[in-house]
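Dear colleague,

Please find the structure below, together with its sequence. My notes on it follow, and I would be glad if you read them with the model open.

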Amino acid sequence: MQLVRQKRPSSVNRINRGVAAVLLAAALGTACAAEGAGPPGTGAAGRHGGQEQGGPERGGQGPQAPQARPRTASGALAAYVERFRREHAARAAVARRWGLRRTPLLPPDPPKVKPEITFRKGFEVGDPSLPPVFTTVPTRDRVVFLTIDDGAEKDPELLRMMSELDIPYSAFLSDYLVKEDYGYFRRMRDLGVALHNHTLTHPYMPALSYAEQKREICGQQDVIERHYGKRPTLFRPPYGNYDSDTLRAARDCGIKAVPLWTAEAFPDRMEWREWDRDLHPGDIVLTHFRGRGDWKGSMADMVRQAMDTITARGYAVARLEDYV
(Lines give C-alpha, C1' and ligand atoms only; values in the text may rest on other atoms or scores of the structure.)
Protein backbone atom coordinates (compact mmCIF):
# COMPACT_ATOMS: atom_id res chain seq x y z
CA MET A 1 0.00 0.00 0.00
CA GLN A 2 1.56 3.32 -1.06
CA LEU A 3 1.54 6.03 1.57
CA VAL A 4 1.42 9.62 0.36
CA ARG A 5 1.56 12.55 2.76
CA GLN A 6 0.08 15.91 1.90
CA LYS A 7 2.36 18.90 2.48
CA ARG A 8 1.62 20.66 5.74
CA PRO A 9 3.17 23.47 7.80
CA SER A 10 5.88 22.50 10.21
CA SER A 11 4.81 22.22 13.84
CA VAL A 12 5.79 24.85 16.37
CA ASN A 13 8.86 23.69 18.27
CA ARG A 14 8.32 23.16 21.99
CA ILE A 15 10.83 24.57 24.49
CA ASN A 16 12.76 21.53 25.58
CA ARG A 17 13.86 20.78 29.06
CA GLY A 18 17.41 21.84 28.38
CA VAL A 19 16.27 25.36 27.54
CA ALA A 20 14.04 25.36 30.61
CA ALA A 21 17.05 24.46 32.74
CA VAL A 22 19.04 27.36 31.27
CA LEU A 23 16.19 29.75 32.08
CA LEU A 24 15.98 28.39 35.59
CA ALA A 25 19.73 28.74 36.03
CA ALA A 26 19.52 32.36 34.95
CA ALA A 27 16.69 32.99 37.37
CA LEU A 28 18.68 31.26 40.08
CA GLY A 29 21.66 33.54 39.49
CA THR A 30 19.47 36.61 39.80
CA ALA A 31 17.82 35.35 42.96
CA CYS A 32 21.14 34.44 44.57
CA ALA A 33 22.57 37.86 43.77
CA ALA A 34 19.58 39.49 45.43
CA GLU A 35 20.12 37.41 48.55
CA GLY A 36 23.81 38.15 48.83
CA ALA A 37 25.22 35.25 46.83
CA GLY A 38 25.21 32.87 49.80
CA PRO A 39 24.64 29.14 49.44
CA PRO A 40 21.05 28.22 48.57
CA GLY A 41 18.78 28.78 51.52
CA THR A 42 21.32 30.65 53.72
CA GLY A 43 21.68 34.23 52.51
CA ALA A 44 24.77 36.35 53.10
CA ALA A 45 24.51 36.28 56.86
CA GLY A 46 24.50 32.50 56.89
CA ARG A 47 27.86 32.38 55.14
CA HIS A 48 29.70 35.36 56.66
CA GLY A 49 27.98 37.15 59.48
CA GLY A 50 26.66 36.60 62.97
CA GLN A 51 27.74 34.37 65.82
CA GLU A 52 27.61 30.66 65.21
CA GLN A 53 25.07 28.98 67.46
CA GLY A 54 24.57 25.46 68.62
CA GLY A 55 27.65 24.62 70.63
CA PRO A 56 30.46 22.49 69.21
CA GLU A 57 31.43 22.72 65.58
CA ARG A 58 30.06 19.26 64.89
CA GLY A 59 26.50 18.33 65.64
CA GLY A 60 25.02 21.68 66.66
CA GLN A 61 23.34 20.09 69.71
CA GLY A 62 21.76 21.84 72.65
CA PRO A 63 19.14 24.49 73.26
CA GLN A 64 20.83 26.98 70.95
CA ALA A 65 20.89 24.66 67.91
CA PRO A 66 19.79 26.53 64.76
CA GLN A 67 16.22 26.01 63.65
CA ALA A 68 15.46 24.65 60.16
CA ARG A 69 14.95 27.51 57.77
CA PRO A 70 12.29 27.55 55.08
CA ARG A 71 13.62 26.86 51.59
CA THR A 72 13.94 30.01 49.54
CA ALA A 73 12.93 30.37 45.90
CA SER A 74 16.57 30.32 44.85
CA GLY A 75 17.15 27.15 46.87
CA ALA A 76 14.29 25.39 45.15
CA LEU A 77 15.57 26.51 41.76
CA ALA A 78 19.07 25.36 42.60
CA ALA A 79 17.79 21.94 43.62
CA TYR A 80 15.80 21.64 40.40
CA VAL A 81 18.73 22.67 38.23
CA GLU A 82 21.09 20.29 40.01
CA ARG A 83 18.63 17.40 39.72
CA PHE A 84 18.14 18.14 36.03
CA ARG A 85 21.91 18.32 35.49
CA ARG A 86 22.50 14.99 37.17
CA GLU A 87 19.65 13.26 35.34
CA HIS A 88 20.87 14.57 31.99
CA ALA A 89 24.43 13.50 32.76
CA ALA A 90 23.22 10.02 33.70
CA ARG A 91 21.17 9.74 30.50
CA ALA A 92 24.12 10.93 28.43
CA ALA A 93 26.40 8.35 30.06
CA VAL A 94 23.94 5.53 29.30
CA ALA A 95 23.59 6.72 25.70
CA ARG A 96 27.38 6.70 25.26
CA ARG A 97 27.65 3.25 26.82
CA TRP A 98 25.17 1.90 24.28
CA GLY A 99 26.95 3.61 21.37
CA LEU A 100 24.40 6.30 20.54
CA ARG A 101 25.78 9.43 18.92
CA ARG A 102 23.24 11.62 20.71
CA THR A 103 21.37 11.45 24.00
CA PRO A 104 17.70 10.68 23.26
CA LEU A 105 15.34 13.57 23.84
CA LEU A 106 12.78 13.31 26.61
CA PRO A 107 9.13 13.22 25.51
CA PRO A 108 6.63 15.65 27.03
CA ASP A 109 4.12 14.49 29.58
CA PRO A 110 1.33 12.36 28.06
CA PRO A 111 -1.74 14.31 26.93
CA LYS A 112 -4.49 14.56 29.53
CA VAL A 113 -7.00 13.76 26.80
CA LYS A 114 -6.00 11.34 24.05
CA PRO A 115 -6.43 12.69 20.50
CA GLU A 116 -9.26 11.39 18.36
CA ILE A 117 -7.98 8.71 15.99
CA THR A 118 -9.63 8.51 12.58
CA PHE A 119 -8.92 6.77 9.28
CA ARG A 120 -6.08 8.21 7.28
CA LYS A 121 -7.41 9.61 4.03
CA GLY A 122 -7.33 6.91 1.37
CA PHE A 123 -7.23 4.10 3.91
CA GLU A 124 -11.00 3.86 4.47
CA VAL A 125 -13.04 0.79 3.55
CA GLY A 126 -16.47 2.44 3.39
CA ASP A 127 -17.53 1.98 7.02
CA PRO A 128 -16.35 4.71 9.41
CA SER A 129 -17.54 2.69 12.43
CA LEU A 130 -14.77 0.12 11.92
CA PRO A 131 -11.43 0.42 13.78
CA PRO A 132 -9.53 3.28 12.12
CA VAL A 133 -6.38 2.59 10.12
CA PHE A 134 -3.76 5.31 10.59
CA THR A 135 -0.05 5.94 10.21
CA THR A 136 0.35 9.11 12.28
CA VAL A 137 -1.20 10.12 15.60
CA PRO A 138 -2.72 13.62 15.46
CA THR A 139 -0.51 15.62 17.83
CA ARG A 140 1.61 18.77 17.83
CA ASP A 141 4.13 17.15 20.18
CA ARG A 142 7.48 16.48 18.57
CA VAL A 143 7.23 12.77 19.28
CA VAL A 144 7.23 9.58 17.24
CA PHE A 145 6.33 6.04 18.26
CA LEU A 146 8.52 2.95 17.93
CA THR A 147 6.78 -0.37 17.19
CA ILE A 148 8.34 -3.82 16.75
CA ASP A 149 6.60 -6.64 14.88
CA ASP A 150 6.27 -10.43 14.94
CA GLY A 151 8.65 -11.87 17.59
CA ALA A 152 11.23 -13.91 15.65
CA GLU A 153 14.35 -12.62 17.43
CA LYS A 154 14.41 -12.85 21.21
CA ASP A 155 17.53 -10.88 22.02
CA PRO A 156 18.08 -10.25 25.75
CA GLU A 157 20.36 -7.34 24.85
CA LEU A 158 17.33 -5.48 23.48
CA LEU A 159 15.53 -5.73 26.82
CA ARG A 160 18.55 -4.37 28.70
CA MET A 161 19.21 -1.62 26.18
CA MET A 162 15.69 -0.25 26.00
CA SER A 163 15.25 -0.46 29.76
CA GLU A 164 18.51 1.35 30.51
CA LEU A 165 17.88 4.00 27.86
CA ASP A 166 14.25 4.30 29.03
CA ILE A 167 12.94 4.26 25.46
CA PRO A 168 9.27 3.22 25.15
CA TYR A 169 8.13 0.87 22.41
CA SER A 170 5.17 -1.35 21.55
CA ALA A 171 5.30 -4.98 20.37
CA PHE A 172 2.90 -6.52 17.83
CA LEU A 173 3.19 -10.28 18.23
CA SER A 174 2.44 -13.34 16.08
CA ASP A 175 1.99 -16.55 18.03
CA TYR A 176 3.78 -18.87 15.59
CA LEU A 177 7.01 -17.06 16.52
CA VAL A 178 6.31 -15.98 20.08
CA LYS A 179 5.42 -19.50 21.26
CA GLU A 180 9.09 -20.49 20.99
CA ASP A 181 9.67 -18.47 24.18
CA TYR A 182 6.63 -16.90 25.82
CA GLY A 183 8.84 -16.02 28.79
CA TYR A 184 10.92 -13.54 26.79
CA PHE A 185 7.87 -11.41 26.06
CA ARG A 186 6.67 -11.82 29.64
CA ARG A 187 9.90 -10.16 30.73
CA MET A 188 9.26 -7.48 28.14
CA ARG A 189 5.76 -6.93 29.52
CA ASP A 190 7.15 -6.71 33.05
CA LEU A 191 9.40 -3.87 31.86
CA GLY A 192 6.30 -1.91 30.86
CA VAL A 193 6.03 -2.77 27.16
CA ALA A 194 2.50 -3.13 25.79
CA LEU A 195 1.92 -6.32 23.78
CA HIS A 196 -0.48 -6.14 20.82
CA ASN A 197 -1.98 -8.37 18.11
CA HIS A 198 -0.26 -9.33 14.85
CA THR A 199 -2.30 -12.52 14.17
CA LEU A 200 -1.60 -16.16 14.98
CA THR A 201 0.28 -17.18 11.83
CA HIS A 202 1.04 -13.94 9.91
CA PRO A 203 -1.02 -14.62 6.76
CA TYR A 204 -1.93 -12.28 3.91
CA MET A 205 -5.29 -11.29 5.37
CA PRO A 206 -7.27 -10.22 2.26
CA ALA A 207 -6.86 -13.73 0.83
CA LEU A 208 -8.83 -15.17 3.76
CA SER A 209 -12.57 -15.28 4.44
CA TYR A 210 -14.09 -13.25 7.25
CA ALA A 211 -14.28 -16.38 9.44
CA GLU A 212 -10.63 -17.23 8.80
CA GLN A 213 -9.52 -13.69 9.53
CA LYS A 214 -11.53 -13.64 12.73
CA ARG A 215 -9.89 -16.88 13.80
CA GLU A 216 -6.45 -15.35 13.23
CA ILE A 217 -7.22 -12.20 15.20
CA CYS A 218 -9.42 -13.54 17.99
CA GLY A 219 -7.12 -16.53 18.40
CA GLN A 220 -4.17 -14.22 19.02
CA GLN A 221 -6.28 -12.17 21.42
CA ASP A 222 -6.83 -15.36 23.42
CA VAL A 223 -3.12 -16.26 23.35
CA ILE A 224 -1.99 -12.86 24.58
CA GLU A 225 -4.62 -12.77 27.32
CA ARG A 226 -3.75 -16.29 28.46
CA HIS A 227 0.00 -15.69 28.63
CA TYR A 228 0.17 -11.99 29.47
CA GLY A 229 -3.10 -11.24 31.25
CA LYS A 230 -4.64 -8.61 28.99
CA ARG A 231 -6.49 -8.56 25.67
CA PRO A 232 -4.97 -6.04 23.26
CA THR A 233 -6.93 -3.16 21.77
CA LEU A 234 -4.47 -2.50 18.93
CA PHE A 235 -3.94 -4.73 15.89
CA ARG A 236 -1.54 -4.56 12.95
CA PRO A 237 -2.31 -6.70 9.91
CA PRO A 238 0.65 -8.59 8.45
CA TYR A 239 2.42 -6.65 5.68
CA GLY A 240 0.01 -3.78 6.36
CA ASN A 241 -2.61 -5.42 4.12
CA TYR A 242 -6.29 -5.54 5.04
CA ASP A 243 -9.81 -5.33 3.65
CA SER A 244 -13.23 -4.61 5.14
CA ASP A 245 -13.48 -8.16 6.48
CA THR A 246 -10.16 -7.68 8.31
CA LEU A 247 -11.41 -4.60 10.10
CA ARG A 248 -14.81 -6.14 10.80
CA ALA A 249 -13.14 -9.20 12.31
CA ALA A 250 -10.79 -6.96 14.31
CA ARG A 251 -13.73 -5.01 15.72
CA ASP A 252 -15.55 -8.22 16.61
CA CYS A 253 -12.44 -9.39 18.48
CA GLY A 254 -12.27 -6.23 20.59
CA ILE A 255 -9.76 -4.20 18.56
CA LYS A 256 -10.17 -0.41 18.73
CA ALA A 257 -7.54 0.86 16.27
CA VAL A 258 -5.14 -0.34 13.54
CA PRO A 259 -1.78 1.49 13.51
CA LEU A 260 0.37 1.09 10.41
CA TRP A 261 3.59 3.10 9.88
CA THR A 262 5.34 5.86 7.98
CA ALA A 263 8.99 4.73 8.29
CA GLU A 264 10.85 1.48 8.91
CA ALA A 265 14.10 1.06 10.84
CA PHE A 266 16.94 -1.34 9.98
CA PRO A 267 20.42 -1.65 11.49
CA ASP A 268 22.02 0.12 8.51
CA ARG A 269 19.33 2.49 7.28
CA MET A 270 15.85 3.97 7.55
CA GLU A 271 13.29 3.37 4.82
CA TRP A 272 10.70 6.07 4.24
CA ARG A 273 7.15 5.67 2.99
CA GLU A 274 6.42 9.39 2.69
CA TRP A 275 7.23 11.68 -0.20
CA ASP A 276 9.53 13.95 1.87
CA ARG A 277 11.56 11.14 3.50
CA ASP A 278 11.25 12.78 6.90
CA LEU A 279 9.63 12.41 10.30
CA HIS A 280 6.58 14.34 11.43
CA PRO A 281 4.87 14.80 14.81
CA GLY A 282 3.02 11.61 15.72
CA ASP A 283 4.61 9.36 13.08
CA ILE A 284 4.76 5.62 13.74
CA VAL A 285 8.07 3.87 13.09
CA LEU A 286 8.06 0.15 12.29
CA THR A 287 10.81 -2.36 12.84
CA HIS A 288 10.96 -6.13 13.46
CA PHE A 289 12.34 -8.62 15.93
CA ARG A 290 15.29 -9.68 13.77
CA GLY A 291 18.96 -10.53 14.25
CA ARG A 292 22.15 -11.01 12.29
CA GLY A 293 20.70 -13.98 10.47
CA ASP A 294 18.32 -11.63 8.65
CA TRP A 295 19.94 -8.22 9.02
CA LYS A 296 23.31 -6.57 8.67
CA GLY A 297 23.45 -6.17 12.40
CA SER A 298 21.71 -6.85 15.70
CA MET A 299 18.61 -5.40 17.27
CA ALA A 300 20.86 -3.10 19.29
CA ASP A 301 22.34 -1.86 16.01
CA MET A 302 18.82 -1.19 14.77
CA VAL A 303 18.00 0.82 17.90
CA ARG A 304 21.18 2.88 17.49
CA GLN A 305 20.34 3.65 13.87
CA ALA A 306 16.73 4.53 14.63
CA MET A 307 17.45 6.62 17.72
CA ASP A 308 20.29 8.57 16.14
CA THR A 309 17.99 9.44 13.23
CA ILE A 310 15.03 10.33 15.45
CA THR A 311 17.10 12.45 17.84
CA ALA A 312 19.01 14.23 15.07
CA ARG A 313 15.70 15.33 13.57
CA GLY A 314 14.54 16.80 16.86
CA TYR A 315 12.08 14.13 18.01
CA ALA A 316 11.59 12.10 21.16
CA VAL A 317 10.09 8.62 21.33
CA ALA A 318 6.83 8.54 23.29
CA ARG A 319 4.61 5.67 24.43
CA LEU A 320 1.99 4.89 21.78
CA GLU A 321 -0.58 3.75 24.35
CA ASP A 322 -0.46 7.21 26.01
CA TYR A 323 -1.86 8.71 22.81
CA VAL A 324 -4.08 5.96 21.39
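In which helix do D245 and R248 both lie, and how many residues apart are they? They both lie in helix α8, 3 residues apart, which is about one turn of the helix. Helices here are DSSP runs of H or I of at least four residues, strands are DSSP runs of E of at least two, and both are numbered from the N terminus.

Before going further, please note that this is a predicted model, in which local features need pLDDT of at least 70 and side-chain atom pairs count only at pLDDT 80 or more, while totals for chains, interfaces and linings use all residues. Residues are numbered from 1 along each chain as its sequence is written, and side-chain values use heavy atoms, with hydrogens and water left out.

Salt bridges

The structure holds 20 salt bridges, a salt bridge being a side-chain nitrogen of Lys or Arg within 4 Å of a carboxyl oxygen of Asp or Glu. One of them is formed by D245 and R248, whose closest N and O atoms are 3.1 Å apart. D245 has 23% relative accessibility and therefore counts as partly exposed; R248, at 33%, also counts as partly exposed. The terms are set by relative accessible area: buried is under 20%, exposed is over 50%, and partly exposed lies in between (1.4 Å probe, protein chains only).

A further salt bridge joins the side chains of D149 and R236, at 2.8 Å from N to O. This pair links distant parts of the chain, since D149 is in strand β2 and R236 is in the loop between α7 and α8, 87 residues apart. Both D149 and R236 are buried.

E321 and R319 also form a salt bridge, with 3.9 Å between the closest N and O atoms. E321 counts as buried because its relative accessibility is 11%, whereas R319 is partly exposed, with a relative accessible area of 32%.

The disulfide

A search of the whole structure finds 1 disulfide, defined as a pair of cysteine sulfur atoms within 2.5 Å. The disulfide joins C218 to C253, with an S to S distance of 1.8 Å. The two cysteines link distant parts of the chain: C218 is in helix α7, and C253 is in the loop between α8 (244-252) and β5 (258-259), 35 residues apart. The torsion about the S-S bond is about -100°, so the disulfide is left-handed. C218 counts as buried at 16% relative accessibility, and C253 counts as buried at 5%.

Helix α7 and E212

Helix α7 (residues 210-228) also contains E212. A polar atom of the E212 side chain lies 2.8 Å from the backbone nitrogen of S209. E212 counts as partly exposed, at 33% relative accessibility. The C-alpha atoms of E212 and T246 are separated by 9.6 Å, although these residues are 34 apart along the chain.

Helix α4

In helix α4 (residues 156-165), the residues L158, L159, M161, M162 and L165 are buried. Their cover includes α3 (73-97), β2 (143-150), α6 (182-190) and α9 (299-312). D155 caps the N-terminal end of α4, with a side-chain oxygen 2.9 Å from the backbone nitrogen of E157. D166, which follows α4, has a positive phi, near 60°.

With kind regards

How values were computed: Contact = heavy atoms within 4.5 Å. Polar contact = N/O pair within 3.5 Å; in protein donor to acceptor, adjacent residues only side chain to side chain.
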